[in-house]
Amino acid sequence: MTTSTATARAAAPASPRRAGRSTTTGHHAYLFVAPFLVCFVLLFLLPLAYAAYLSLFKDQLVGGTVFVGLDNYTRALQDSLLLHGVLRVGLFFLIQVPVMMLIALVAALAIDSGLLRASRVFRLGLFVPYAVPSVVAALMWGYLYGPDFGPLAQLGDRLGFTAPNLLGDTWMLASLGNIVTWEFAGYNMIILYAALRSVPAERYEAAAVDGAGAWRIAWHLKLPALRPALLLCLIFSVIGSFQLFAEPNLVQRLAPTVVNSSYTPNVYAYSLAFTSQQVNYAAAVSFLLGFVILVVSYVMLFLTSRGSRR
Amino acid sequence: MPIFPAHLSRRRLLTAMAAATVAAAGLTGCSGSSEPGSGPVKAVSQADIDKAMTTPTTVTFWTWAPNIEQEVAVFEKKYPAIKVDVVNAGQGLDAYTKLRTALKAGTGAPDLAQIEYQYIPTFSITKSLVDLRPYGAAANQAKFVDWTWGQVTGPDGEILAYPQDTGPMGMLYRADLFEKYGIEVPATWDEFTAAARKLRAADPDVYLTNMAANEAAGWHGLMWQAGSKAYTVTGSTLGLAVNDAASKKVADYWAGLAKEDLVSTDPDFTDTWYQGFNSGKYATWLTAAWGPSFLSGSAKPTAGKWRAAPLPQWDATKPVAGNWGGSTTAVMAGTQNPIAAAKFAEFLNTDPETTKMFNTVQNFFPATKALLTDPSFTGQKSAFFGGQQVNEVFAGISGTVDVGWQWPPFLDQAVKDWTETTGKALADKADTAAATDQWQERLTAYAKDQGFTVNAG
């Protein structure tokens, strides 16, 4: 999960005050966004356009580069390795994200309820894994999962049962899901918690006056207030899940025959580009992946917004 | 130390990380095709060479050999006009990825680079290596072990690099465990199987060896020993037979041992694997000549218990070995100073002083005949190996490495497809010989896609 640009502020309900401001000062505004725009164009749009351009060619070891139009895309659409990768991250998304969101939600509500004693410690403790670089996280968990010397395996040894091979075929996806959940539950919790803090205190007072208990407040007041923030977390998770790369790429070293070069679409694109020297095809695969993410994100938005427009 | 595959490199992890966020945007470094670098074979005159070697020049040398500045200093002392700029651009795959990117970009590539034997065809197919024949390379042939010269010779007789160090394969074994359980040092693979059964029955915590299911390089060394002709290159026609009889023999053999649970298949150069040596889980390591010094640094608690021997043989009357690792020095196409670069490569790998330093400073296993027969080298006693003259063992093995083995022009792909077919089958205790057919199938498809004409077998 690589998206980290959003701040908690984005989750706060949009302020309606300044929406229709006049445009006379608009020219100056461009000056202020210029640094961003320059970087955006140079570091994002240009490479993107170049990758799109590359995806229309084919570079061979023998014969050089030829223009092939959309051949790379039609090939990718029929590529069973890519399809399996997409299905795998799809499954990952369906199972890991709800678990992670539930943990984040419960934690945010618990901290916000004011009933926890050491809520600051708790909040920090849950968030710290997000501050750990995913390289370190994957290495650490890789050690914990180790089949011979990992603590889990040793515990199993002591208690007289065989611990499942967490780096084996059967458990790998769950093991990766666990790493990702550990890393990002705290991050999502902070977003949700920030959204909860922005609920005006008057509403709680009103609810209390009306005789609502803590559970009713959570259910009828806090959850609806969290809606936009939850949606934001969900979209981040769609992107993060489908772009899953760092964790499998690192765990690959520990279980090279389990996490293969097409385990997730991003791992596949990376391997195509840097191992197989098929940069052009890798570009096409990446674009298709981007398209899949776009579609899934849109479907998510559509489903959730339809639900709210009653 | 020459080549333990770059699994361990932190830098590589970081490079990978950098690519994480940029699935599409990251794929921008490469386009276009490279210019042919080698001209017709016409010797450069001695006058030109003298002129080049006295004109102040700086050449850049990418290498991951530690402390190689010491050898470079010897060269610079002899040729004060030439300055060699040593750059560590990462080890193995890291370095190659950067090298490829620089070569494709057309700027930033070094004059010289350290390249492992198995990667020479991968770089010569893109015409990235300068043919060293015009610079008098052929005269050095007799100085090098025969098979190393075969490795640096291209399909049309080009000389593409100078051998720097080698990794002929042998067997390191735990003499204490062998003695404890009454096991003779196996001379053939059949004896090896019998020893594995005996040891496993005697001590269920020990495996006779670990055949890492991710170690394509070591596996290729065993195919090499078995006489496989997996890759044969002539022009753009490529002979591919990674599932030939010898390859299947190796696959069947190891699959048999794995299925019977007589050997483990843990991935190598991982924590588990290091601990396996330290805790005595593995009683042997089938490794290369750089293995002894590597192991003595990684398994200190077992010092004094190890000994070295040749690999078990398929035919005990005709001992053969394969090679795993070792590097060369190649001159990169596009260099502005081909003479100085070629002469530096030559000096570095043929001068008696520098080649000796490769052994004493970097612990490299030599590629030159002179050093391999030098008593000061072969007579070294290693305390880690109970005072055994390990160099002598491996010097003997070096002479038995088969000369005919060739590498494919796309080694990364061959390794990747091996891991996902043959390696996986080995780890899963499945039909590994049948998996070599899949390997062949995938590699053939890739080669055809890359424009090669493919001959099976």
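How high is the mean pLDDT of chain B, and what share of its residues reach 70 or more? The mean is 89, and 91% of the residues of chain B get to 70 or more. (pLDDT is the predictor's confidence in each residue, from 0 to 100.)

**Before you click**

What you have open is a predicted model, where local features need pLDDT of at least 70 and side-chain atom pairs count only at pLDDT 80 or more, while totals for chains, interfaces and linings use all residues. Residues are numbered from 1 along each chain as its sequence is written, chains are lettered from A and ligands numbered from 1 in the order in which they are written, and side-chain values use heavy atoms, with hydrogens and water left out.

**Stop 1: colour by confidence**

For the complex, the predictor gives an ipTM of 0.79 and a pTM of 0.84. Now select residues 1-39 of chain B: pLDDT stays under 50 there, though the model has 90 contacts for them beyond four places in sequence. (A contact means heavy atoms within 4.5 Å.) Switch to chain A, which averages a pLDDT of 86, with 90% of the residues scoring at least 70. Its residues 1-17 are below 50. Where pLDDT is low, the predicted coordinates should not be read in detail.

**Stop 2: chain A on its own**

Chain A has twelve helices and two strands. The C-alpha trace of chain A spans about 80 × 75 × 35 Å along its principal axes.

**Stop 3: the sheet in chain B**

Bring chain B back and look for an open sheet of five strands, in the order β2-β1-β3-β11-β4, with mixed pairing. β2 (82-87) and β4 (162-163) of chain B are at the edges with a single partner strand each, so one side of each has no neighbour in the sheet. (Two strands pair if DSSP finds at least two bridges between them.) Select β1 (residues 57-62) of chain B: β1 and β2 run parallel over six bridges. Within that pairing, B:V59 stands opposite B:V84.

**Stop 4: a salt bridge inside chain B**

Show the side chains of B:K248 and B:D437. They form a salt bridge, with the closest N and O atoms 2.9 Å apart. (The rule: a side-chain nitrogen of Lys or Arg within 4 Å of a carboxyl oxygen of Asp or Glu.) B:K248 is in helix α10 (residues 245-259) of chain B and B:D437 in helix α19 of chain B, so the pair ties together parts 189 residues apart in sequence. Over all chains, the structure holds 21 salt bridges.

**Stop 5: where the chains meet**

Which chain B residues should you pick? 49 residues of chain B are in contact with 47 residues of chain A. Four salt bridges are found across this interface. To see one, select A:R75 and B:D449, whose side chains meet at 3.5 Å, N to O. α1 (10-20), α4 (93-105), α11 (271-278), α18 (411-427) and α19 (432-449) of chain B each supply at least two residues of the side touching chain A. The largest share of that side, eight residues, comes from α18 of chain B.

Terms used. Helix = DSSP H or I, 4+ residues; strand = E, 2+ residues; numbered from the N terminus.
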